[in-house]
Amino acid sequence: MEKFRTVLDFCLSHQKVLGYSAVSLLTAGSERLFSVVVFQCPCNSWNTLYGSVFLLVPALILFLLGYLLNVRTWRLFTGCCAPGRCCCCIHRRRCWRYFRVLWLMTVSAAVAPLTWIAVALLGANIYECTASGSSLLQRHLCQGRGTQCHEQVARIPCGGTLSQEAQTSVSLRAQSQVLGWILIASIMVLVLTGTCINRCRSPVSFLQLRFWKIYLEKEREVFERKATEHATKLAERNLKCFFEFTEPQPFQTPSNKDWQQISSLYAFNTKGQYYSMIHKYISANRGTSIRSTEEDVFSPALGFVDGTDFNETRTL
């Protein structure tokens, strides 16, 4: 039991890294399976278009799925164009805040598509097919050899018969793998640099960040339990009145304004240690607005607060 608790604590403290690693592994496995089972280079004039589609379109789909499955997406956009509210950003500060949240969402959504492209380049099949259909490569290899040479170059991914075609195939595979490793190294350098910058600019200490993440996990668990109990009691009251033809008893439940306030984007205030919007809301007088003020700090290091999933992914 003690070992299980140790593993659980490790997962909680590194859940973001483990989550990205799991996404990357699943994407890499899917790409390899996709390349082996589905991808078949036509070895004709369609090479470039066919290879580009297999390289970029799945990456685009994964990128859009990253937005769709991100809790911040719906926390940011839910109700922003509701009746009676302005769709546009009136205040420059609020627009800048939305832009920073959107940037964090973009970084998270880019993990899977970049993994797809990197693994595809390391496999070299898609790049070889795409490059062999390029008019630039065909003109370079077929100078003074006639038009039939273009067809031979297009057949390189299917196994060329000439020694020059075989050498070109080896060169294309080497280029693809080099680009793949460069892309992976660039991603790792950017991730490390961005993480270091975010941690350096963090308004709270390292141990407080760990406590913060534990608190949010516990708050999520309690929220789910309390929300289930509250919804169950409300449903029982309504159904009892429906079937027994009785008048409903008074039932206290949060108002629309209450829900809107705790669902807004989080802002850190140096004068108050609020670990979530619920914490900030209950610390203020009920009915008082808790919208951001000039003293609020929007730190990327605290972006995990808005990413807390109150079981939203199950309802999307």
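Analyst: Helices (H or I, at least four residues) and strands (E, at least two) are DSSP runs, numbered from the N terminus. This is a predicted model, in which local features need pLDDT of at least 70 and side-chain atom pairs count only at pLDDT 80 or more, while totals for chains, interfaces and linings use all residues. Residues are numbered from 1 along each chain as its sequence is written, and side-chain values use heavy atoms, with hydrogens and water left out. As a case, V57 has its place in helix α3, residues 47-68.

User: Is V57 buried or exposed, or does it fall in between?

Analyst: Buried means under 20% relative accessible area, exposed over 50%, and partly exposed in between (1.4 Å probe, protein chains only). V57 is partly exposed because its relative accessible area is 37%.

User: Which residues form a nonpolar patch on the surface?

Analyst: Patches are made of residues with over 30% relative accessible area and no salt bridge; like charges are joined within 9 Å, and nonpolar side chains (Val, Leu, Ile, Met, Phe, Trp, Tyr) within 5 Å. The areas come from the Shrake-Rupley method with a 1.4 Å probe, and for residues only the protein chains shown count as cover. Here the patch consists of W46, L49, V53, V57, I61, L65, L68 and L69, with about 760 Å² of accessible area together.

User: Where does UniProt place the feature "transmembrane region"?

Analyst: UniProt positions are given in the numbering used here, feature names are shortened, and annotations may be inferred rather than shown by experiment. The unreviewed UniProt entry places this feature at residues 49-69, 101-127 and 178-197. In the model, residues 49-69 are 95% helix and 0% strand, with end C-alpha atoms 29 Å apart. For residues 101-127 the figures are 93% helix and 0% strand, with the ends 34 Å apart.

User: How many residues of α6 are buried, and what span should the helix have?

Analyst: The expected span of a helix is 1.5 Å times one less than its number of residues. Helix α6 (residues 111-123) has 13 residues and should therefore span 18 Å, which agrees with its end C-alpha atoms being 18 Å apart. Eleven of its 13 residues are buried, among them W116, I117 and L121. A124 follows α6 and has a positive phi, near 75 degrees. Helix α7 (residues 125-132) is also mostly covered, with six of its eight residues buried.

User: What is a salt bridge, and which residues are linked in a network of them?

Analyst: Side chains of opposite charge can pair when their charged atoms come close. A salt bridge is a side-chain nitrogen of Lys or Arg within 4 Å of a carboxyl oxygen of Asp or Glu. By this rule the count comes to four, and E217, R220 and E224 are linked in a network. The closest N and O atoms of E217 and R220 are 2.7 Å apart. These two residues are separated by about one helical turn, because they are three residues apart in helix α11. E217 is buried, at 16% relative accessible area. In another salt bridge, E221 pairs with K218 at 3.9 Å; E221 is partly exposed at 34%, as is K218 at 43%.

User: With which side chain does that of S35 make a polar contact?

Analyst: A polar contact is a pair of N or O atoms within 3.5 Å; within protein, one must be able to donate a hydrogen and the other to accept it, and residues adjacent in sequence count only if both atoms are side-chain atoms. S35, in helix α2 (residues 15-37), makes such a contact with the side chain of E31 at 2.6 Å. S35 counts as buried at 6% relative accessibility, and E31 counts as buried at 0%. E31 also forms a salt bridge with R32, their closest N and O atoms being 3.1 Å apart.
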